[in-house]
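The following exercises concern the structure shown below.

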Amino acid sequence: MPTDLLRRAYDPAEFRQLGHALIDRLADYLEGVESRPANPYATPDKSLEHFRQLLADGPAPERVFAEVIDHSVHLHHPAYLGHQVVPPAPLSALSDVAASLLNTGMAIFEMGRAGTAMERVVVERFAELLELAPTAGGFLTSGGSLANLTALLAARAVHGEPVRPCLLVNEHAHYCVERAVRIMGWGDAGIIHVPTDAHLRMRTEVIDGILADARAAGRTPVAIVGSACTTATGTYDPISALADVAERHGLWLHIDGAHGGAIRLDPGRRHLVDGLERADSLALDFHKMLMTPAITTGLFFRRGPDAYRIFRQRADYLLAAADDGWSDIARRSFECTKRMLSLRIFTLLTTYGPQLFVDYVTRVGDLGETLARLVRQSPDLELFTHPDVNIVCFRFRHASLDEESRNGLNGLIRARLTEAGQTYIVQTTIDGSLYLRCTLTNAFTTEDHLRAMVEEVSRTGREMLALRSTIGH
Ligand SMILES: Cc1ncc(COP(=O)(O)O)c(C=O)c1O
């Protein structure tokens, strides 16, 4: 017999009451988010102490939810300008509740019927919207890092058993590409960083020479990985030129479009990913530029069946040996049990249609332009480079500052802003120089929010500079 405790944990009446209260709380939160600081800052130790105490108190779920909200950075706050995680469309988050409760798993069709069918529909629809090749296919997986690794496993599989394999990638690519190379056991020489131009785009004209050197050193080049875009600066590698080189040398072209592949939907910026349909594989995070909760990634293959080459394994308890059909996704994905990721996208498509995604990517790209203009107009600040999309890097400058002190000062500015919490920006180091970095992920950020942040950075920089001259450096 189930115990009383088990009965309570599964009680539909309690679920109904808690669920209604939670949705009310979250809707109030969304309505009133601007009355909070964007980033209620706390140190790791303070947070740990707080949640240890909360566990000890044994509060009701209502209080736990309230505390979690209060102690979170607020992505729906229009002054949130931090890392590349999107404030999810509420309907997508709601879909997660249903998916979590049903919890059907997605390894095989028998277990995840609705999710599997929706996944195929969503992948097909996005392959069309992104104007990929008519032969394209793919699946959803948990994160850009895993999608990039999976794509590279496919690249390797296509090459049979390559001797001392290696790949070429932008020196500023996301670290997960290097991690994938290490996981595959290719060693330090398995990743060749291609030098970049002043905008940090891969210099495609040097690739022939790099490939010749690699071959002369006994390596087998397997793939070129293009970034669309890079994480730190939002720079797009030239995909058509990369596709030309890859074709000429018989290499797999993978595009890490985790952040910016979705820009294909923006008519004004589509040119940034010209040639995307020629990539052998493409990773695209819906949780970065397509409005779903983390983590939801599409992995697309130019020739859909390539995905079946990756993991050729027997698992008699799960996968029927004779069945090579599309519907048992575990054949292709690294994951066995997987969340019903597709519902997050499916509901947005059925309710709002694809125009929602077009509106979103266009809006955040425009915000990138707006921020770049405001930075240019400020005599205290300088842009790293004109942004391609919604990632903008800039820094405080002053004639009296050398590189080291400018880096130190910009680090202090960012720390001060983080502690103040009214806005949330991050930082990155490019070739030894520290830049403040913003990702415009919130479609409701306005020019006023951006101006307030720019002014705060300038004011803080000037105050610190004044303090520095008072105390004599
Ligand atoms: C270009 C790029 N690739 C891959 C990743 C990793 O994606 P995920 O965090 O979904 O694993 C990121 C994350 O920032 C990214 O910007």
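**Exercise 1.** Determine whether T439 is buried or exposed in this predicted model, and identify which residues T439 touches.

*Solution.* Step 1: the relative accessible area of T439 is 0%. Step 2: a residue counts as buried when this value is under 20%, and T439 is therefore buried. Step 3: T439 is found in strand β11, which covers residues 433-439. Step 4: leaving aside residues up to four places away in sequence, T439 touches Y80, L81, G82, H83, Q84, H259, N390 and I391.

**Exercise 2.** State the order of the strands in the open sheet of seven strands, and explain why one side of β1 and of β3 is left without a neighbour in the sheet.

*Solution.* Step 1: the order is β1-β7-β6-β5-β4-β2-β3, with mixed pairing. Step 2: β1 (137-141) and β3 (191-194) stand at the edges and have a single partner strand each, so one side of each lacks a neighbour in the sheet. Step 3: from one strand to the next, the twist averages 20°. Step 4: as an example of a pair, β6 (residues 281-285) and β7 (residues 297-301) run antiparallel and are joined by five bridges. Within this pair, L282 has F300 of β7 as its bridge partner.

**Exercise 3.** Describe the largest nonpolar core and explain why it lies between domain 1 and domain 2.

*Solution.* Step 1: in soluble globular proteins, nonpolar side chains tend to be buried together. Step 2: the largest nonpolar core here has 56 residues, and those with the most contacts inside it are F126, I207, I224, L253, L290 and F300. Step 3: helix α13 (residues 355-377) supplies the largest share of this core, namely six residues. Step 4: residues of the core come from both domain 1 (10-88 + 354-473) and domain 2 (104-352), so the core lies between them. Step 5: F126 touches, among others, L290, F300 and F357. Step 6: a second, separate core has 33 residues, including A155, V177, V222 and M340.

**Exercise 4.** Compare the span of helix α15 with the expected value, and state which elements its buried residues pack against.

*Solution.* Step 1: helix α15 comprises 24 residues, 447-470. Step 2: from its first C-alpha to its last, α15 reaches 34 Å, close to the 34 Å expected at 1.5 Å a residue. Step 3: the buried residues of α15 include L450, M453, V457 and M464. Step 4: the buried residues of α15 pack against α13, β8 (381-383), β9 (391-396), α14 (403-420) and β11.

Notes: Residues numbered from 1 in each chain as written. Predicted model: local features only at pLDDT ≥ 70, side-chain atom pairs only at ≥ 80, totals over all residues. Heavy atoms only, no water. Helix = DSSP H or I, 4+ residues; strand = E, 2+ residues; numbered from the N terminus. Buried < 20%, exposed > 50% of the residue type's maximum accessible area, 1.4 Å probe, protein only. Contact = heavy atoms within 4.5 Å. Pairing = 2+ DSSP bridges. Axes fitted to C-alpha atoms, helices over the stretch in contact; angles between N-to-C directions. Core = buried A, V, L, I, M, F, W, Y, C linked by side-chain atoms within 4.5 Å. Domains from an automatic or database assignment. Expected span 1.5 Å × (residues − 1).
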